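Please look through the sequence and the model shown here before reading on. The paragraphs below are meant to be followed with both in view.

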Amino acid sequence: MAERKIRILATGDWMDSGFGTVMRNLFPRLARTGLFDIHLVGWHYRGDMKLAREAMDAGITLYPTLSPEQGGDNYSRDFTGMLTCRRLLKQLQPDVFFALGDPWQMAAYVGDDYAMVPKVFYVPVDTDVLSVPDVKVMTKADVLVLYSKFAQEVVARQAPFSQHEMIYH
């Protein structure tokens, strides 16, 4: 009998952007291991078939953020997939929640809905002074993934109570 895969609900840009490049390199690699069942809410993604095929070929189930057809002006309120993630969190019951973006964007994923799932936040730190709201959000992650040695040093000084790891890119 095959072992159950670790179900990941992830959110981040799947378009042509810096964050999108990271997501489109990281998640296909994870999918190829055969260990993960990956469900990705693509920021700004509204159902383009080329991007859907790219995700499917990589072993990833890609979800759009809400489109105007799915609820009026919800797209303008859900461009980072907050509403879609909340719905899928209940539906999929993932083992891990992963979000990649700026710390201010992670604030949408620290509420009560996310309390029962381990959270991985992959964030850039490109300043030597972190804002109080950013530090609060970063400390809500079960694992904080940083991009650089500089970021690791800043977080160690200003948010020493957070568990953080580093992946260069």
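The model is a predicted one, in which local features need pLDDT of at least 70 and side-chain atom pairs count only at pLDDT 80 or more, while totals for chains, interfaces and linings use all residues. Residues are numbered from 1 along each chain as its sequence is written, and side-chain values use heavy atoms, with hydrogens and water left out.

Helices (H or I, at least four residues) and strands (E, at least two) are DSSP runs, numbered from the N terminus. In helix α4, which spans residues 82–92, the buried residues are T84, C85, L88, L89 and L92; buried means under 20% relative accessible area, exposed over 50%, and partly exposed in between, with a 1.4 Å probe and protein chains only. These residues lie on the same side of α4 because they cover an arc of only 135 degrees around the axis, the arc being that of the directions from the helix axis to the C-beta atoms. K90 and Q91, on the other side of α4, are exposed. The buried residues of α4 pack against β1 (6–13), β2 (36–43), β3 (60–64) and β4 (96–100), where contact means heavy atoms within 4.5 Å.

A nonpolar core is a set of buried Ala, Val, Leu, Ile, Met, Phe, Trp, Tyr and Cys residues joined through side-chain atoms within 4.5 Å. The largest such core has 28 residues, of which F97, Y109, F121, V125 and V155 touch the most other members. α4 gives the most to this core, with four residues. A second, separate core of 24 residues includes A10, F36, A55 and L100.

Six salt bridges are found in the whole structure, each a side-chain nitrogen of Lys or Arg within 4 Å of a carboxyl oxygen of Asp or Glu. D16, R24 and E54 are linked in a network of them: R24 meets D16 at 3.0 Å, N to O, and R24 also pairs with E54, with the closest N and O atoms 2.7 Å apart. This second pair links distant parts of the chain, since R24 is in helix α1 (residues 18–32) and E54 in helix α2, 30 residues apart.

Finally, most residues other than glycine have a negative phi. Q93, which follows α4, has a positive phi of about 45 degrees although it is not a glycine, and Q93 is exposed, with a relative accessible area of 62%.
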